[in-house]
Structure formats: structure tokens, C-alpha cells
Amino acid sequence: MKERVIFHCDANSFFASVEIAKNPEFKNKPVAVSGNPATRTGIILTKNEIAKKFGVLTGEAIWQAKSKCPDLICLEPHYPLYEEYSKKLRKIYEKYTDRVESFGIDECWLDVTDSLKFFGSKECLANKIREEVKSTLNITISVGVSFGKLFAKLGSDLKKPDAVTVISYENYKKLIYPLPINSIIGIGRRLTLRFNKMGITQLGDITTIPDLILKKKFGIIGLDLKQKLLGNDFDIVKKCDDYTPPKSVGNGTTTITDVFTRAEIKSVVSALCDEVSSRLRKNGFNASSLSVTIKTADFKYFHNTTRIPFCTCYNTDLVNEVMKMIDSGWKYNKAVRAIRVCSYNLSKSDNTQLCMFSNEVKNRSLSLCLDKVRNKYGYFAIVPASTIKNPHLNLSKVKCECLNWPAII
């Protein structure tokens, strides 16, 4: 079987790079894209290489970043612009292969196995794409080159910015096995702790765990991870026109000021569920499971999930079920800073059995009217009454956050 050649192309410091590309006066200066302290989203979303050299970190407060780098230029995000650049990146990639799979707004896998006969060696092609992005869009990318998606992704992380890293069958054990286990996608804080308790600290250690133990402690995920680290990664790169249905639809926001009472929390939940339900209907989905996450002012978390006895895509149903979850475990005795609602276990609307417990006819008529008004006059033409002039809530921010832009770039 012919050896596959997979690229992972990662735009370096994407938000900041796009801002500099559009505003050349910021070139060679420390730049960060950040939130707005007035709405309590004053954290660093991304920063350029110059800011990184001062120790500026993604996720830290603006005042912390400026204490390290007083000349740091903080810019507000322009998400439509980033989406525009993301589409331009894909157009460049699609010139070289019909297998391009997005991973977030700024990353893509490319399967170029059948393209090499037209464009030369894998390293030459990776450099050709990298140079075209730089000359066309004035931003840089790092390219990981390997025989599987996992190692290609890791390769793009190993050398930044504006670089190509090749991980082959000949060198992958030497390059990858000594790395910390959280170096690869899929191993987060919790899995890292579980592996560490077993004395597993490096990626190569995972390949030494017997299958029976690995399956018992981590299930099929553990076995799959071991096989990929052994070089057996056969996950395909999807074609450009492949559609992957979402597994969940969610929305969250940080309130402008703390909320305390049930009425205040319900007002925020109503705004979030309104957007979630609208997106469910737009894509023809119903949800049968919900989750809610509350973050307090002292950054503690409350989380609850439930399976509801019917499928729905209507705001009233979602609000009622989410508030039941909150009421069952929340004491309303702490200041709340942020709330997130997520719907999952999705099914297509036309395949869903109606339930006597859901006021289907009334909700359907109301929601259809709501969608028609918004389609014609815009989302903000009609909003839940409880959110109007709500001092805790920035509705435009709630609407923006529903786009699910990644918090860390």
C-alpha cells in the first residue's frame, strides 16, 4: 500500500497575524488581540511572536500582559475578517488537493498523497504552500508533514513560526516518544493526571502499556491512541465537500456584572437558549440532552447534565429544562460570572417522534414566526423580553459567542 502523505497547516498567531496584515503599521511591534475589560472579557486571545518574547500568555488578563510588555498593542477581535482569511487559506489549500479538512478556523489537514506526482517531494510541496500563503495573504503558517493526522498535527506544533517539520516512519520514535504526554491533541489535563498516576509521563511510555490494562483504564480511546503512537494511524482526511453534522450546539457568555438571583440567571439562560434553539431549527435538529455550566466570581464551577423526556428545538423547552437543572443543585448564594448552555444527542427534526409533554404545536408556530422575522430584519429585530435593557448582559456579545470561535489560538 502506498504510504500516505498528510499535511497539517496551522496559521501562526492567526488573529494577531491577520490584524497586522490589514494594518502594516503594527509590523515589528508587540500585538495582541484581546477582549474588552468593560465587559469582563479582558483577556489575551492571541499574541504575535514579538509579544511572546516578553512572556505574554494566551488567557491572561490584559493588565498582566501589559505589566510584562508596557508597549503591547491590544486590538479588539474582528471575527468576520478572520473568517474571510480562513476561507482564503482553504482556497489556497484546495489548489493542491481535494482532501482538505478544517480543524478550527486556522488549521487544516491536507491529504496530498496523490498530488506529489504533480508538485514534487512532500517537503518541497509543504514549502511551496507555505510560501504561497505568505506572499498572498501576508501571514505565515507552520506545516507538519507525516503519514498520519496525529503526527502531522504534532509536527506543525513542534516548530513555529513559518516552518516545515517532517515526521516520518524513520524518525517518529526519536522525535515523539520523549515528549510529554500532553503534547498531542486529545490528551488534556484530566488524562494527563490519570497517566501520571500510572507513572506515564512521556508519549513513548504509552506504547509499553499492555492492551488489557489500557482498555480497562481508558477504554477504546486508549487502545486507539496506542496504535497511532505505534505508527498505525489510518484516519482519513475528509474531502472538501464532506459535511460532518454537529454533535452539539451550545452558547455561553460572561456577564457584564455578576448575577445573583434566580430571575437574573434565568434572563441570561433565556438569551443563551434563544440563540441555541434558533441554530437548532436553522440546521434541522432537535436535542434530547442538555448541559449547563456556571462559573462563579471566584472562578469555581457548577455543572449539570440531563436527558429530557422528549426532543426539542424550542426556546421555552430549553429554558425550562435548564432552569430545572440549576434549581436542583444551585443554591443561589454566590455571585455568577459566566453561564454556558449546550444541547446534544441531536436528531433530525423530520425523524423525531412528538411527545405529549411538549407543547409542540404552539411552540412550532411561535418559533416559525420568530425565524421569519429574524430572517427578514435580522436577529436583533426580536429578542426575549427578559433580556431587554438587562444591565448584566450584552446581547451582541451573546450572539457573537454563539459562533464558537476558539478561546485559544
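This is a predicted model: local features need pLDDT of at least 70, side-chain atom pairs count only at pLDDT 80 or more; totals for chains, interfaces and linings use all residues.

Reader: Fine. How many helices and strands does the chain have?

Author: The secondary structure comes to 15 helices and 12 strands, where helices (H or I, at least four residues) and strands (E, at least two) are DSSP runs numbered from the N terminus.

Reader: And what share of the residues is buried?

Author: Of the 409 residues in the chain, 49% are buried, with buried meaning under 20% relative accessible area, exposed over 50%, and partly exposed in between (1.4 Å probe, protein chains only). The chain exposes about 21,100 Å², of which carbon and sulfur atoms supply 56%; the area comes from the Shrake-Rupley method with a 1.4 Å probe, and for residues only the protein chains shown count as cover.

Reader: What about contacts between residues at least 24 apart?

Author: Taking contacts between residues at least 6 apart in sequence, 66% join residues at least 24 apart, where contact means heavy atoms within 4.5 Å.

Reader: Let me turn to H1. Which of its residues are buried, and what do they pack against?

Author: Helix H1 (residues 14–22) is mostly covered, as 8 of its 9 residues are buried; these are Phe 14, Phe 15, Ala 16, Ser 17, Val 18, Glu 19, Ile 20 and Ala 21. The buried residues of H1 pack against strands S1 (6–11), S2 (31–34), S3 (44–47) and S4 (73–75), and also against H4 and H6.

Reader: How do H4 and H6 cross?

Author: The axes of H4 (residues 79–93) and H6 (residues 122–137) come within 11 Å and cross at roughly 140°, with axes being lines fitted to C-alpha atoms, for helices over the stretch in contact, and angles running from 0 to 180 degrees between N-to-C directions. H4 passes H6 in a right-handed crossing; a crossing is left-handed if the near helix is turned anticlockwise from the far one by less than a right angle, and right-handed if clockwise.

Reader: Which residues meet there?

Author: From H4, Tyr 85, Lys 88, Leu 89, Ile 92 and Tyr 93 meet Ile 129, Glu 132, Val 133, Thr 136 and Leu 137 in H6. The residues of this contact divide into 7 nonpolar, 1 polar and 2 charged, where Ala, Val, Leu, Ile, Met, Phe, Trp, Tyr, Cys and Pro count as nonpolar, Asp, Glu, Lys and Arg as charged, and the others, Gly among them, as polar.

Reader: And how do H9 and H11 pack?

Author: H9 (residues 189–197) and H11 (residues 211–229) pack at an angle of about 120°, with their axes 13 Å apart, which makes H9 oblique to H11. H9 passes H11 in a left-handed crossing.

Reader: Changing topic, is Arg 4 buried or exposed?

Author: Arg 4, found in the segment before S1, counts as buried because its relative accessibility is 18%. The C-alpha atoms of Arg 4 and Asp 114, which are 110 residues apart along the chain, are separated by 8.7 Å.

Reader: Where is the cis peptide bond?

Author: A cis peptide bond joins Lys 160 and Pro 161, with omega about -10°, and Pro 161 has its place in the loop between helix H7 (149–158) and strand S8 (164–166).

Reader: Last one: which residues other than glycine have a positive phi?

Author: Among them is Asn 28, with a phi of about 65°, in the loop between H1 and S2; Asn 28 counts as exposed at 64% relative accessibility. Another is Asn 138, with phi near 60°, in the loop between H6 and strand S7 (141–146); Asn 138 counts as exposed at 55% relative accessibility.

How values were computed
Residues are numbered from 1 along each chain as its sequence is written. Side-chain values use heavy atoms; hydrogens and water are left out. Angles under 35 degrees count as roughly parallel, over 145 as roughly antiparallel, 65 to 115 as roughly perpendicular and the rest as oblique.
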